[in-house]
Amino acid sequence: MRGFREITFYLSVGVGMAMSTSVFTMLAGLFGVVSPLWVVIAIALGAAVSLPIAAAIGELASMYPSAPGIRTYLKHGLGDRPSLVLVYMYLFVVVMVAGVEAAVFAAVVHTAAPAVPAVAIVIATMVLVIIANCSGFELPVGVQMWSTFAILGLVLWAGALGIVKGDPSRLLAQTTDWSQDLQQLPAAGAMSMFLFMGYEWITPVGLRPQAYRKGIPYSMLGTIGILAVTFSLFSLGLSCSLDAGTIAASAIPQVMLLSHALGETGVICAVVISAAAILSTFNAGIMGGSRLINALAKERCLPSFVGYQSLTSGAPIGAILTLGGLSLASALVVAYNGLELVIATIGAALICVVYAAFVLALLRLRKSAPQAPRSFRARFALPGSWLLVLALPVMGASALLADAKLALSTSAGAGALTLFALLAADRSLAQKAPRSNSKENARNPVAPAAIVRKS
Amino acid sequence: MTLMDTLHDFRERFNTNNRAHKLVQKWNRIVLLESLDTKRNYTMHIENERMIDVQTRTTDYAAPETEKVVHLQGEESVLGQIFSGKYNPATAVTDGALAVFSDPKDKVKLEALAMVIWRLG
């Protein structure tokens, strides 16, 4: 795979990971925080902040090509313990988002087929995903690429349909209190970063060394651009067709928009979009997440059963069962309690901290290893990047407090998960500390600690 | 022991391990090893569940377009430790000491091979 097809593959990985069912819930959440026109401004702000982060990740990827990004970059840039804390934080976000995905998908299907209980759909979806991944099944690359771009086309079409069939004057008519919107912009910007989450999954899938010079970094930037345009158009379609209050009250605005424009057919279209989105995200996400967990198990950060792999297909079964089981539990909690937006907001806040850590890791590596080879160099000003490191956690915190009704739940949830991440990191460090005279060490000698790619 | 000796030894282990054969059914690949410090390249050709040859290659070696390649990149000492079972390839990738360029499924297959041949879990 070379040239245009290779770049298209990278774009499909990034867009496929980000274009999940839960992004529509987050879009609805944005309508509850700022007025319709400002939703588009918040998306633009989220994209503008994501671009330098993607460039920083691109440079890190060129230093450690094919590595499981978050663990490797942060370990080299910030040290073992901070890296583990942030990896666990990131994995908690993956588990929570997978839960939201399944719950939102169930809500969409339940709208089309009210006789089927949502909980049954949640369980069936997750069990199917776990079985498919354990058997080593992965969508063929061509199918993955086409399905991703088909979803993109459908979402763009839905947005355009909303504008054409709706009333564009609603957009300004519903934007009344600009000063309030301006105050809420940092929170809305942080929430909108959830919409782009997943572009960083492009970094481990490089098909050849040269891809890390331009192909992978620019694909991440391209992914953010494509998503910004798509979500902006979709938001405009929503704004022109529905009241902001109605949108904000729903976890599945895509169903509302399409049923408003097309009636019963629209509901079917929404189910198709959601099914394709969940297929694409779970296919790449559960597999990608399970490989990260598998890598942690191989480092002895997690119990050995988590690292169990099939000796016929190679599938990381222990990691898939761990991730899939936790995601199923998360999905049931979300579905029973209607926590879609709470969980998505916590995810957005935590991911802001993780992204800040990526930029900080790069800044530290530029200082500690200035001569280390980099086939791609992010071009941003030093004061700007430090500002990003400081601003991102603040934006994340403001997202937690953006909706007064949810502030307590989101803040408590984010605090609890941060504490769990700290405890899990400590446990991992204790577990992987060398044990003298153990059988395992004799059979599996500890790798040289200081090996770093020099050229 | 040179890397070439290590690779020949690995070939013997691979070709006499039934579980490895089961794992590489219908998995015909050229495994290209690129040593970043010595600038030497090596290939291992897996075909019909056997490793049919191990060769030294020139630095500008390019596999035929028709072949599926798994490209491993690292320092020669790292490659030597990986193929002598002293360094788990999954850990080497996480450490940033080894880079693997291939289809994601092939990476999983390599990790499973290390488990089968060296019992690295």
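## Exercises on a predicted model

W178(A) has a relative accessible area of 44%, which makes this residue partly exposed. Bear in mind as you work that the model is predicted.

**Exercise 1. Work out how W38(A) and W178(A) pair up, and which parts of chain A the pair ties together.**

*Solution.* 
- Start with the overall tally: across all chains, the structure holds 13 aromatic pairs.
- Now take the two tryptophans. The ring centres of W38(A) and W178(A) are 5.6 Å apart and their planes make an angle of 85°.
- Planes over 60 degrees apart count as edge-to-face, and that is the label this pair gets.
- W38(A) sits in helix α3 (residues 36-63) of chain A and W178(A) in helix α9 (residues 178-196) of chain A, so the pair ties together parts 140 residues apart in sequence.
- Finally, check the cover. W38(A) has a relative accessible area of 7%, so this one is buried, whereas W178(A), at 44%, is partly exposed.

**Exercise 2. Is N294(A) buried or exposed, and which residues is it in contact with beyond its sequence neighbours?**

*Solution.* 
- Find the residue first: N294(A) belongs to helix α13 (residues 264-298) of chain A.
- Its relative accessibility is 2%, so N294(A) counts as buried.
- Then skip the neighbours within four places in sequence. In chain A, that leaves N294(A) in contact with V306(A), G307(A), Q309(A), P316(A) and A319(A).
- Chain B joins in too, as E111(B) is also in contact with N294(A).

**Exercise 3. Describe the build of chain B, using its elements, radius of gyration and buried residues.**

*Solution.* 
- Count the elements: chain B has 5 helices and 5 strands. Read from the N terminus, they go α-α-β-β-β-β-α-α-β-α.
- A compact globule of 121 residues would come out near 14 Å; chain B has 13 Å, so the two agree.
- Look at the extent: the C-alpha trace spans about 35 × 30 × 30 Å along its principal axes.

**Exercise 4. Explain why helix α3 of chain B is largely enclosed by the rest of the structure.**

*Solution.* 
- Among the buried ones are V78(B), L79(B), I82(B) and F83(B).
- After the helix comes G85(B), with a positive phi near 80°.

Definitions and conventions
Residues are numbered from 1 along each chain as its sequence is written. Chains are lettered from A and ligands numbered from 1 in the order in which they are written. This is a predicted model: local features need pLDDT of at least 70, side-chain atom pairs count only at pLDDT 80 or more; totals for chains, interfaces and linings use all residues. Side-chain values use heavy atoms; hydrogens and water are left out. Helices (H or I, at least four residues) and strands (E, at least two) are DSSP runs, numbered from the N terminus. The radius of gyration is taken over C-alpha atoms; the globule rule is 2.2 Å times the number of residues to the power 0.38. Buried means under 20% relative accessible area, exposed over 50%, partly exposed in between (1.4 Å probe, protein chains only). Contact means heavy atoms within 4.5 Å. Rings of Phe, Tyr and Trp (its six-membered ring) pair if their centres lie within 6.5 Å; planes under 30 degrees apart count as stacked, over 60 as edge-to-face and the rest as tilted.
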